[in-house]
Amino acid sequence: MKILLRKILICCSLLASFSLISQEKDDDLQNIITTIENYYNGYILRDYSLLEKAFDTENGIMKVPILKDEKIIGYQNNFFKYLIQKWSSREKLSEEILKKCKLTILNIDAVNAQIASAKISMKVDNITYIDILSIQKIEGIWKITNKIFVIDQ
């Protein structure tokens, strides 16, 4: 009887542990989605505080194309701390354009509740950007640490 009771207790403990792990993964996934949504909403609304919530403004970078005669000849790193200032100071989008904007999260791959990658499609006016984001949990908060993109044509 003691052995059976012990086995039942062990099984219950394991189930509770798996439940907690599953809940933690769900929380991380939701926090990653919130980070992506902060980026999107901050970008289309020109909202500095939302962009700052989304990006690693200390060390985060984006690969930006270097153009010559309207052709890409290479890429350079730009720090998010400068980019989000630029994005948030752009002219506000009209209500008509905002209604046409759309975010689609194509996939998220999270590893060990520490790092993740995401592929998103972001329609802004008549342009659709496809972004690949590196996202990292920094001091308990998910932040975009790297971004590359193409314009979908």
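So, Ile135: setting aside neighbours within four places in sequence, Ile135 is in contact with Ile32, Ile36, Gln114, Ile115, Ala116, Ala118, Trp142, Lys143, Ile144 and Thr145, where contact means heavy atoms within 4.5 Å. Keep in mind that this is a predicted model, where local features need pLDDT of at least 70, side-chain atom pairs count only at pLDDT 80 or more, and totals for chains, interfaces and linings use all residues. Residues are numbered from 1 along each chain as its sequence is written, and side-chain values use heavy atoms, with hydrogens and water left out.

Next, the core. Ile135 is, along with Tyr39, Tyr43, Phe55 and Trp87, one of the residues touching the most other members of the largest nonpolar core, which has 29 residues. By nonpolar core I mean buried Ala, Val, Leu, Ile, Met, Phe, Trp, Tyr and Cys residues joined through side-chain atoms within 4.5 Å; buried is under 20% relative accessible area, exposed over 50%, partly exposed in between, using a 1.4 Å probe and protein chains only. Helix 1 gives the most to this core, six residues; helices (H or I, at least four residues) and strands (E, at least two) are DSSP runs numbered from the N terminus.

The Asp131 side chain makes a polar contact with the Lys147 side chain at 2.9 Å. That's a pair of N or O atoms within 3.5 Å; within protein, one must be able to donate a hydrogen and the other to accept it, and residues adjacent in sequence count only if both atoms are side-chain atoms. Asp131 is also in contact with Tyr39 and Phe149, among others.
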